[in-house]
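I am opening my notebook on this structure. I will go chain by chain and write down what I look up.

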Amino acid sequence: MSASEVATTADGPNPPERDAGPAPAGGEVTDTRTFRVFRWKRGGADDSHMETYGGVPIGPRTTVLEALRWIQLHLDRSLILRHSCFHASCGTCGLRVNGREVLGCVTFAHDLGTVITVEPIANVPVLADLVVDMTEFYERYPDGWTQLRTSGFLPDAETPGGIDGYERYEDCIECGLCLSACPIASTSEGYFGPAALAAAQRLLEEPRGGVDAREILDQADDPLGAWRCHAIFECTEACPSGVRPAERIMSLRGALVGGSLRPIHREPSEP
Amino acid sequence: MASLRTRTRPGTSTSAARRRRTPRAASTARDWKLVTFTGVGLLGLLLVHMIGHHFVVGEVGGLRNYDQVLDYIAHPVIFTIESFFLLFVTVHAMLGVRSVLLDLDPAPAWRRAIDVGAVVLGLGTLAYGYFLIGTLASRA
Amino acid sequence: MRRDGEATDGPGLPTRGARDVRGPVLKKGVGVTPTAWVDPRGRALGSFAFSVNRITALGLVFYLYLHLGVLSMLLRGEQAWNDFVRLATTTVFLSLDVLLIFGLLYHGLNGLRVALVGTGIAPDRQKALWWAGGVIGTVALAYSAFHILVGEG
């Protein structure tokens, strides 16, 4: 979708305040940045556009999310964004910043250039401005997959490799960045997507709670499942939690062509 | 979004679920295995093809003149290798072209046309290729 | 106050009908969606590897038919073939041969990488395999280029 450019001016509907106050966070103001932000509101013609907010004060540790909050508080009350935890646990503030999928809450604005472009994640519909509707993200999970379920302690759960062995798919925070980064999801809305397939591999890697491995494999063995992936690995690059969805899809394929399911572990260097 | 909960589905299906129910032509496990098998096979065949043409035949510079080429292709071993090479490269190429075209997310009618087109073009390529090497081998 | 139809919940708010509309879906790519696979902006090694793999694939398919066309000259007899060989051994054509060797090496070695990764043999070694292929391919390309341009030239 193309988006025209609009600059917020002092004469506009949301005039910037002259004395906007300190940097949103991260100590003293050391610099300013210009933010180009995607805007779209429902209820009219397709008037999506990029709006420019200049002079946003930042410090060395100001995050993109904090800067956007500052814009919201001081320049434009109508800017809609979504966040929750502020520490990369909830996955709510997934954005595309300068074209790359990131969590706004843990991405520092300082090193992103003087003009920072912020867009909602791709391949899911926009609700308003930077907020997307995640319903379609979940609908890519095939029917009957039970990856998302109420947390609980199962009496028959075993931990042969210790707790480290569980530090894998549980890391998925369902932020949707993998789906946004996936070039194939752009051209195939029916594709299960990296998160769903990673979930399937995770279920097979550590089956519990009566998982039917054959059924999971049969469902993944679908033209729009494991075989739709082109092994581009952008989902792994985008994932803020080290889930490594692409590697998991490749592992699934190994099992689907008759091999064993290779376990995928986190990169040792990842936090 | 990261809450652990039982997934619920809204009453009305959106595009992802709706489109998944639509029959689609796409690459399957069989296609992927075939691409991989022919691809790995081509690596070996290509190595033989290149070495045979450019390093073994002829003292310098490999196959060059008309008679050399005809003698080369008429050799039973070479004829067999080149026949397999033609088969593998055609299957690999047609599956690849089909995959590229399917990534353009064509409408169902076009997907069918792409499948048929790839088969027809592949068969045509094989027919002409075998006619070519058969005719040349017979002239040696 | 809520009302049916096109009523709104307040001044400036969208109508109820507008709220049911599926919002725009942003896509990656240069201009049109199908170009997402070749859009290098904000992408990593895997995208680069894939894009070059596809570009070499399309080039090699073109070459397949070019090759069949060239070999068809053999059907026309000795004179036509020998005339072609004289043309094909000029420096310009030999340089195109080097380009062809690059395409074959890249597509072949990257294909091997994808096969090893995609069959679950080395699902988490895609970067290492790409660089290993790069080293092997560079050496092979340098040797081939020398053989084609200097050894035969």
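What percentage of the contacts in chain C with a separation of 6 or more is accounted for by residues 24 or more positions apart? I found 45%. Two residues are in contact if their C-beta atoms, placed from the backbone, lie within 7 Å.

Ground rules next. This is a predicted model, where local features need pLDDT of at least 70, side-chain atom pairs count only at pLDDT 80 or more, and totals for chains, interfaces and linings use all residues. Residues are numbered from 1 along each chain as its sequence is written, while chains are lettered from A and ligands numbered from 1 in the order in which they are written.

**Entry: chain C**

I looked up the secondary structure of chain C and noted 5 helices and 0 strands. Helices (H or I, at least four residues) and strands (E, at least two) are DSSP runs, numbered from the N terminus. Along the sequence, chain C reads α-α-α-α-α. Of its 153 residues, 22% are buried. Buried means that 20 or more other C-beta atoms lie within 10 Å of the residue's own, with C-beta atoms placed from the backbone.

**Entry: two helices of chain B**

I turned to H4(B), residues 76-102, and H5(B), residues 108-139. They pack at an angle of about 160°, and their axes are 10 Å apart. Axes are lines fitted to C-alpha atoms, for helices over the stretch in contact, and angles run from 0 to 180 degrees between N-to-C directions. H4(B) and H5(B) are therefore roughly antiparallel; that label needs an angle over 145 degrees. I then listed who meets whom. Phe79(B), Leu86(B) and Met94(B) are among the residues on the H4(B) side, and Ile114(B), Leu121(B) and Tyr130(B) are among those on the H5(B) side. By class, this contact has 15 nonpolar, 5 polar and 4 charged residues. Ala, Val, Leu, Ile, Met, Phe, Trp, Tyr, Cys and Pro count as nonpolar, Asp, Glu, Lys and Arg as charged, and the others, Gly among them, as polar.

**Entry: a hairpin in chain A**

I checked E4(A), residues 94-97, against E5(A), residues 100-103. The two strands pair in the antiparallel sense over 4 bridges; pairing takes at least two bridges found by DSSP. Val97(A) has Arg100(A) as its bridge partner. The hairpin has 2 residues between the strands, and Asn98(A) in the turn has a positive phi of about 50°.

**Entry: where A touches C**

I noted 38 residues from chain A and 33 residues from chain C in the contact. On the chain A side, H8(A) gives the largest share, 6 residues. That side divides into 16 nonpolar, 11 polar and 11 charged residues.

Terms used: Parallel < 35°, antiparallel > 145°, perpendicular 65-115°, else oblique. Buried ≥ 20, exposed ≤ 12 C-beta atoms within 10 Å, placed from the backbone.
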